[in-house]
Amino acid sequence: MQSAREAIEQIRGRVRIPATTGNRCPACNRALIFHEGREFCFQCEVIAKEDAELAKAAIADRERMKLKQLEKQFAAHSFINPSLKEATFAKYNPPTESLYKAKAAVMGFVMNFDKEKPQNLLLAGSYGTGKSHLARAATIELMQQGYSCMFISVPKLFAKIQESFNKNSSFSESQFISYLQSVDLLVIDDLGTEHYGKDTDGESWGHTKLFEILDGRAGRHTIYTTNLVEEALEDKVNGRNFSRILDNTEIIYMVGPDFRRKRK
Ligand SMILES: Nc1ncnc2c1ncn2[C@@H]1O[C@H](COP(=O)(O)OP(=O)(O)OP(=O)(O)O)[C@@H](O)[C@H]1O
Ligand SMILES: [Mg+2]
Ligand SMILES: [Zn+2]
């Protein structure tokens, strides 16, 4: 024989009227309901949670919009010296065997570009051998293919982050850094020419920022250019940054004359 209470519970189950328990929520003082063997507050556990999820989705949407805006703002090659704006592969005429191979390697990097198979390049060599030119050429080519690319020197990168601290800045530090982390190809130009103040533990503000960017780019393509040979670069950027720079990275040594002198 079913008790009256059980009968009511059964009807409630069918029409989905939640049973109340007579207890009240300690947080919001609404009546607690009993469902599937447990007592809970519909307001706090269901409605508030959904609201929080909606708010999170709205924030994510806003972040995406901001990134799109940032893309417009940053990607308009505003960080590239005029001499490199039109630096295509076609305009690079290698004067030495080493530079011929370097051009072929960077073109190979572009040809094999695959978001699923990230690969990095470190272009190392002395002044005016065309490191920035070839890195820029890679971004021109890949942007034509629809990839998002960013070319920035490390000193400019640090200056941009510092600019974001200004309260009138049109972008925040976190927006800028997440943009750098998210582009399909980031060229980090002139690595090693930046200045790092040294804190007591040998880790400065710049080291931390570089780490944040490099670590956040794991799984994406990055091209580095530098004048420094390996040990000097390691000293400069510090060990844990250096280790990330060399992770999955082909090093291309570029040996040749200074093109800037030749032109004069
Ligand atoms: N082989 C080349 N053919 C045509 N232009 C070149 C060649 N090499 C360099 N250039 C041009 O010379 C200038 C200097 O080259 P680039 O900036 O790429 O040198 P770099 O190796 O990055 O030098 P640095 O170490 O000083 O940054 C650029 O304007 C570039 O377009
Ligand atoms: Mg350069
Ligand atoms: Zn509640």
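**Reading the site of ligand 1**

Mentor: Begin with atom pairs. A polar side-chain atom of Asn227 is 2.8 Å from an oxygen atom of ligand 1. Bear in mind that the model is predicted.

Trainee: Which backbone atoms lie 2.9 Å from an atom of ligand 1?

Mentor: A polar contact is a pair of N or O atoms within 3.5 Å. A backbone N or O atom of Gly128 lies 2.9 Å from an oxygen atom of the ligand. For Asn93, a backbone N or O atom lies 2.9 Å from a nitrogen atom of ligand 1.

Trainee: How much of ligand 1 does the protein bury?

Mentor: Taken alone, ligand 1 exposes 630 Å², and the protein buries 92% of that.

Trainee: Which residues around ligand 1 come nearest?

Mentor: There are 18 residues around the ligand, and Gly128, Lys131, Ser132, His133 and Asn227 come nearest. By type, this shell has 4 nonpolar, 9 polar and 5 charged residues. Helix H5 (131-144) and helix H11 (259-263) are the elements that give two or more residues to the shell.

Trainee: What is the volume of the largest pocket?

Mentor: About 740 Å³. The space taken by ligand 1 is this pocket. Its lining has 32 residues, with Leu84, Gly130, Ser132, His133 and Arg260 nearest the centre.

Trainee: Which element gives the largest share of that lining?

Mentor: H11 does, with 4 residues. Other elements that give two or more include helix H3 (82-85) and strand E5 (149-153). The lining divides into 10 nonpolar, 12 polar and 10 charged residues.

Conventions. Residues numbered from 1 in each chain as written. Chains lettered and ligands numbered in written order. Predicted model: local features only at pLDDT ≥ 70, side-chain atom pairs only at ≥ 80, totals over all residues. Heavy atoms only, no water. Near = heavy atom within 4 Å. Polar contact = N/O pair within 3.5 Å; in protein donor to acceptor, adjacent residues only side chain to side chain. Areas by Shrake-Rupley, 256 points an atom, 1.4 Å probe, with all protein chains shown as cover. 1 Å grid on protein atoms, 1.4 Å probe; cavity = no way out; pocket = protein on both sides within 12 Å on 5 of 7 lines; lining within 4 Å. Sits in = over half its atoms within 2 Å of the grid points. Nonpolar A, V, L, I, M, F, W, Y, C, P; charged D, E, K, R; others polar. Points joined across faces, edges and corners; volume = space filled by probe spheres on them.
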